[in-house]
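Please read the numbered points alongside the sequence and the model.

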Amino acid sequence: MYPKKGGDLIKVIHRVNQKIVVTECESVRGSNVAGYIDLLRVKKSGIEGLFKKDENSRKIESLCLPTLSVIAICYLEKKDRKNVVTLRGAEVE
């Protein structure tokens, strides 16, 4: 899964330790065999706020998430921001 145009991001809504986190990245790659989803070229992630500054002093560039923790994948476009792909029938506002 890749964004259609340069500059558009993919928003991934997922769980980390029972908290909802939103991560924006440039591309997403999924694996049905391993059951993981890779978020590549991360631009902004709410996961950074879950750690103390001492524990995570570097910027997150990529994430590898278990498929079960991902709630939805949203393709953000400047014209239409309603492109949402939900996983496992989850409801997203």
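1. Gln18 counts as exposed because its relative accessibility is 75%; here exposed means over 50% relative accessible area, buried under 20%, and partly exposed in between, with a 1.4 Å probe and protein chains only. Gln18 lies in the loop between E1 and E2, where strands (E, at least two residues) and helices (H or I, at least four) are DSSP runs numbered from the N terminus. Although Gln18 is not a glycine, its phi is positive, at about 65°. Most residues other than glycine have a negative phi.

2. The model is predicted: local features need pLDDT of at least 70, side-chain atom pairs count only at pLDDT 80 or more, and totals for chains, interfaces and linings use all residues. Residues are numbered from 1 along each chain as its sequence is written, and side-chain values use heavy atoms, with hydrogens and water left out.

3. Asn17 is likewise found in the loop between E1 and E2. Its phi is near 50°, a positive value in a residue other than glycine. Asn17 counts as exposed because its relative accessibility is 70%.

4. What do E1 and E2 form around this turn? They form a hairpin with two residues between them. The two strands pair in the antiparallel sense over seven bridges; strands are taken to pair if DSSP finds at least two bridges between them. Within this pairing, Arg15 stands opposite Ile20 in E2.

5. Strand E1 (residues 10-16) also pairs with E5, in the antiparallel sense and over five bridges. His14 has Val70 of E5 as its bridge partner, and Ile10 has Tyr75 of E5.

6. Is E1 enclosed or open? E1 is largely enclosed by the rest of the structure, because five of its seven residues are buried. Strand E5 (residues 70-75) is mostly covered, with six of its six residues buried.

7. The largest nonpolar core has 16 residues, of which Ile10, Val12, Cys25, Val28, Leu39 and Ile73 touch the most other members. Such a core is a set of buried Ala, Val, Leu, Ile, Met, Phe, Trp, Tyr and Cys residues joined through side-chain atoms within 4.5 Å. At least two residues of this core come from each of E1, strand E2 (19-31), strand E3 (36-45), strand E4 (63-66) and E5.

8. Beyond its neighbours within four places in sequence, Val12 is in contact (heavy atoms within 4.5 Å) with residues including Val21, Cys25, Leu39, Val70 and Ile73. The C-alpha atoms of Val12 and Cys25 are separated by 7.9 Å, and the two residues are 13 residues apart along the chain.

9. Which side chain makes a polar contact with that of Ser45? It is the side chain of Thr23, at 2.9 Å. A polar contact is a pair of N or O atoms within 3.5 Å; within protein, one must be able to donate a hydrogen and the other to accept it, and residues adjacent in sequence count only if both atoms are side-chain atoms. The Ser45 side chain also reaches the backbone nitrogen of Ile47, at 3.1 Å.

10. Ser45 belongs to strand E3 and counts as buried because its relative accessibility is 8%. Leaving aside neighbours within four places in sequence, Ser45 is in contact with Val21, Val22, Thr23 and Leu63.
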